[in-house]
Amino acid sequence: MKKLCWIFAAFMTALTIVLCSCSTDPMERVSERRSGYFTADNGGLSATAVSGMREEPFSSDGKVSSLKPYTLITLVPSEFDIDAVYTYELEAGGDKFGGTMIVHPFAASFSAEIDFELTTDFTIDVKCGNDSVLLKMKSQVTGGMDYARAIDAAKNEIKPKGEYEIRARLVKNPFDTEGLCWHVAFITPDGESGVLLDPESARVLAKK
């Protein structure tokens, strides 16, 4: 009888662990999750695209609103002309997107955002006047830990408390011109703290 009780107790403990792990939402408190990072260079144009999910409206208040998918494309010409007009077209998931890109005079770039999360390589047809350039956007994500593991590693380092929102972004590694890193920020109504993490080892590259 004691043996049966022990087996039952062990089973219930294991079941509780499984149920708890299944009920944990990795997106809890996350106001932005940026998991995609793409680049391309061609015809005097350099392009970067980042994609994921982000709250709408987007604000640093420590709270999380409803999320929407997004892809932000940034175009940098080798010769910047603030009066130039760039248009773009791309197709993803059977849907077509396009329009006129917005000029950013201080960053010497042009950008466009769509309400769609691109997760695989894609192409953009960019036009300016009579010139047309096809940009083959290639993912720079080579594996390593996902956003959930990055958030866990950042929590172990920062140990946030109280009310906060989380932004987990794949960004260009400032210490490695060829690689990426995770930037995980914890934002409260009073301020922000965060870390840069190596995507392979979870090693802390910088902390604020």
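Predicted model: local features only at pLDDT ≥ 70, side-chain atom pairs only at ≥ 80, totals over all residues.
K159 sits in the loop that links α2 (147-158) to β10 (165-172).

**Backbone features in loops**

- With a relative accessibility of 55%, K159 counts as exposed, because exposed means over 50%.
- A202 is another non-glycine residue with a positive phi, near 70°.
- The loop holding A202 runs between β12 (191-197) and β13 (204-207).
- A202 has 26% relative accessibility and so counts as partly exposed.
- E56 and P57 are joined by a cis peptide bond, with omega at about 5°.
- P57 belongs to the loop between β2 (45-55) and β3 (67-77).

**Pairings of β1**

- β1 (30-42) pairs with β2 in the antiparallel sense over 10 bridges, and here G36 stands opposite S51 in β2.
- The hairpin of β1 and β2 has 2 residues between the strands, and in this hairpin G43 takes a positive phi near 55°.
- β1 and β10 run parallel and are joined by 4 bridges; E32 has R167 as its bridge partner in β10.
- β1 also pairs with β9 in the antiparallel sense, over 2 bridges, and the bridge partner of T39 in β9 is K138.

**Pairings of β8**

- β8 (122-128) and β9 (131-139) run antiparallel and are joined by 7 bridges.
- Across this pair, D125 stands opposite L134 in β9.
- The β8 and β9 hairpin has 2 residues between its strands, and G129 takes a positive phi near 65° there.
- On β4 (87-92), T87 stands opposite K127 in β8; 3 bridges join β4 to β8, and these strands run antiparallel.

**Nonpolar cores**

- In soluble globular proteins, nonpolar side chains tend to be buried together.
- The largest nonpolar core here has 24 residues, and those with the most contacts inside it are L75, L90, I124, L135 and M137.
- At least two residues of this core come from each of β1, β2, β3, β4, β7 (109-114), β8 and β9.
- Another core, of 20 residues, lies apart from that one, and Y147, L170, L180 and V184 are among its members.
- What does L75 touch, leaving aside residues up to four places away in sequence? Its contacts are L45, S46, A47, Y86, M101, S109, F110, V126 and L135.

**A nonpolar patch on the surface**

- F80, I82 and V103 form a nonpolar patch on the surface, and together they have about 220 Å² of accessible area.
- F80 lies in the loop between β3 and β4.
- At 30% relative accessibility, F80 counts as partly exposed, because that term covers values between 20% and 50%.

Terms used:
Residues numbered from 1 in each chain as written. Heavy atoms only, no water. Buried < 20%, exposed > 50% of the residue type's maximum accessible area, 1.4 Å probe, protein only. Patch = residues over 30% accessible without salt bridge, like charges linked within 9 Å, V, L, I, M, F, W, Y side chains within 5 Å. Areas by Shrake-Rupley, 256 points an atom, 1.4 Å probe, with all protein chains shown as cover. Salt bridge = Lys/Arg side-chain N within 4 Å of Asp/Glu carboxyl O. Core = buried A, V, L, I, M, F, W, Y, C linked by side-chain atoms within 4.5 Å. Contact = heavy atoms within 4.5 Å. Pairing = 2+ DSSP bridges.
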